[in-house]
Amino acid sequence: MAKLNLALYWAAACGGCDVAVLDVNEKILDIAAVANIVLWPVALDHKYADVAKMAPGSIDLCLFNGAIRNSENEQIARMLREKSQVLVAFGSCAISGGIPALANLKDRDDILRRVYLETPSTVNPDGVLPQTGCPTPVGDLHLPEFYDFVYSLDQVVEVDYYVPGCPPTPQRIWEVVQAVVSGNLPPRGATVGALDKSLCDECQRVKRDKKIKRFYRSHEIITDPELCLLEQGLLCMGPVTRGGCGTQCINANMPCRGCYGPLPGVTDQGAKYLSSIGAIMDARTPEEVDEIMQGIVDPAGTFYRFGMSTSLLKGAVKQ
Amino acid sequence: MSRRITIDPITRLEGHGKIEIFLNDAGAVDDVYFQIPELRGFEKFCEGRPVEELPRIVSRICGV
Ligand code: SF4
Ligand code: SF4
C-alpha cells in the first residue's frame, strides 16, 4: 500500500494539539510507517512553499489545529483545503475558536494597544503597531492582517471531520488515525474521537438531586471528591459537553469548562448550559434567582470558554 | 543582483515565525528581519476573567 501523505498544521494555537499527537508515544512510529508527513511545523522543516507546489488533493489527511485569527491563518487554511482529501478541524480552536476566541469579547484596537503600547514590559517609545506592509531600505516586509474576529476553521473553508478537545486526548487521536488508515470513516461532517453522550454520562461522581442555592468559585469551597461538582455549586459544564476526555478536569477536582464542545444537535453550548442551570436553581422568587446568578462572575468567558467563534453570541463588543 | 531568502515558517518551536534575509550584489548578507506573524492577545482577553480561571487560560499561551 502506498504511504499516506499527512499534514499537521497550527494556526492560532498553542501547540498543545501537536504535542497531544506526539503523546501517542511509540505509536508515532506506526504512524510514520503508514504516512509521509509533508508539513508539521512543530516537528519538521517543511516550508509553505513546498506545500504550495503540491498538486490539489495530494495530501490524504490534514489535521488542522488552531483558530483563524489573521489573514495568514486563512491563506494556509485555503491552501491546505485545496491540497487535502480529508481536512479535519482538530481541537477546540479549529472547531469553535477555543481560548484565542476569548478575544472576541474585546475590541481589535484595544488588543493591539494593550499588547504593543501599554503592557509594563513593553518599550515602544515611537508607538509602533504591526503593519501589513513595511518598506525597508533593502526591500518590503509583510505581516498578516490581524482580523476583527477570531473564526473557526469551518467559517473559512469546508471541513470534513471534527476532533474535539483542548487538546484531544492521545487515545482518541490514535483511534482517528486508525479510522483513516483503515478507510473506516463515518459520513463527512461527523465529530470523531468523542462520545455522543454527555460528560456526566462518563463521570463516576455520585449524582443526586441537583438543587443549587448558590454558586461557588473554585477557591471558595473544599469539595467532596465523590460527589458531583455541579451539585456542590461549582459551574461544571458536564451536562452540556460531549464526553470522551475521560473526565480529566473532574479527576483533578476541577469543574468541566466544556472543551469537548456541545452535544450532537446543539449549536450553542453556553445557551444550553444557561437553560440547564436555570432548571436546577433552588429559587422561588426573581430576587432569589438574581442572588444566585450573582455567584457567576464571568458568564460569557465561562460558558463560552472554548466556543466563542461558533456561539450565537459571537462576541460581545462588535457588530 | 541583490537577492532575498525567505524562511517561512521557521520550525521546531512553539509559535509562528518568518525570517527574511537580504543579500547584496556580492552575495553577502545586507540585512535580516525576524518577524512574528502571530498574535492572540492574551494580554487583553485575560482582563475580566476570574483570577482562579487564569491557570486554565494562560496554560494555552504555549502547550509545547
Ligand atoms: S456535572 Fe460535572 S461533576 Fe457532575 S456528573 Fe456532570 S461531569 Fe460529573
Ligand atoms: S472535563 Fe471538560 S474541560 Fe476538562 S478536558 Fe474534559 S471536556 Fe475538556
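The second largest cavity has a volume of about 100 Å³. Its lining counts 13 residues, and those closest to its centre are A:Cys200, A:Cys203, A:Cys228, A:Leu229 and A:Cys236. By class, that lining divides into 9 nonpolar, 1 polar and 3 charged residues. Please keep in mind throughout that this is a predicted model.

**The two ligands**

Around ligand 1 we find A:Leu199, A:Cys200, A:Cys203, A:Lys207, A:Cys228, A:Leu229, A:Leu230, A:Cys236, A:Gly238, A:Pro239 and A:Ile250. This shell is made of 9 nonpolar, 1 polar and 1 charged residues.

**Cavities and pockets**

A search of the whole structure turns up 4 cavities of 30 Å³ or more. The largest cavity has a volume of about 140 Å³. Which residues lie nearest the centre of the largest cavity? They are A:Arg217, A:Leu235, A:Arg257, B:Glu52 and B:Glu53, out of 18 lining residues. The lining of the largest cavity is split into 9 nonpolar, 3 polar and 6 charged residues.

Now to the open sites. The largest pocket holds about 560 Å³ of space. It is lined by 25 residues, and A:Tyr116, A:Leu129, A:Pro130, A:Gln131 and A:Leu143 lie nearest its centre. Two or more lining residues come from each of helix 6 (108–118), strand 6 (133–136) and strand 7 (139–142) of chain A, and from strand 3 (29–35) of chain B. The lining of the largest pocket comprises 15 nonpolar, 7 polar and 3 charged residues.

The second largest pocket has a volume of about 420 Å³. Of its 24 lining residues, A:Ile95, A:Ser96, A:Gly261, A:Pro262 and A:Thr310 are the closest to its centre. Helix 5 (residues 92–96) of chain A gives the largest share of this lining, with 3 residues. The classes here are 9 nonpolar, 12 polar and 3 charged.

| Site | Volume | Lining classes |
|---|---|---|
| Largest pocket | about 560 Å³ | 15 nonpolar, 7 polar, 3 charged |
| Second largest pocket | about 420 Å³ | 9 nonpolar, 12 polar, 3 charged |
| Largest cavity | about 140 Å³ | 9 nonpolar, 3 polar, 6 charged |
| Second largest cavity | about 100 Å³ | 9 nonpolar, 1 polar, 3 charged |

**Domains of chain A**

Chain A is assigned domain 1 (4–99 + 152–182), domain 2 (108–147) and domain 3 (199–303). Why does the second largest pocket lie between domain 1 and domain 3 of chain A? Both domains give residues to its lining, so the pocket lies between them.

Domain 1 and domain 2 of chain A have C-alpha centres 29 Å apart. Their contact involves 6 residues of domain 1 and 5 residues of domain 2.

**Backbone details**

A:Cys166 and A:Pro167 are joined by a cis peptide bond, with omega about -5°. A:Pro167 belongs to the loop between strand 9 (161–163) and helix 7 (170–181) of chain A. In chain B, a cis peptide bond joins B:Asp8 and B:Pro9, with omega about 0°. B:Pro9 is in the loop between strand 1 (3–7) and strand 2 (18–23) of chain B.

Finally, A:Thr247 has a phi near 50°, which is a positive value in a residue other than glycine. Where is A:Thr247 placed? A:Thr247 is in the loop between helix 8 (199–202) and helix 9 (248–251) of chain A.

Notes. Residues are numbered from 1 along each chain as its sequence is written. Chains are lettered from A and ligands numbered from 1 in the order in which they are written. This is a predicted model: local features need pLDDT of at least 70, side-chain atom pairs count only at pLDDT 80 or more; totals for chains, interfaces and linings use all residues. Side-chain values use heavy atoms; hydrogens and water are left out. A residue is near a molecule or strand if one of its heavy atoms lies within 4 Å of it. Ala, Val, Leu, Ile, Met, Phe, Trp, Tyr, Cys and Pro count as nonpolar, Asp, Glu, Lys and Arg as charged, and the others, Gly among them, as polar. On a 1 Å grid over the protein atoms alone, a cavity is a set of points where a 1.4 Å probe fits but cannot get out, and a pocket is an open set with protein on both sides within 12 Å along at least five of seven lines; lining residues have an atom within 4 Å of a point. Grid points are joined across faces, edges and corners, and a volume is the space filled by probe spheres set on the points. Helices (H or I, at least four residues) and strands (E, at least two) are DSSP runs, numbered from the N terminus. Domain bounds come from an automatic or database domain assignment. Contact means heavy atoms within 4.5 Å.
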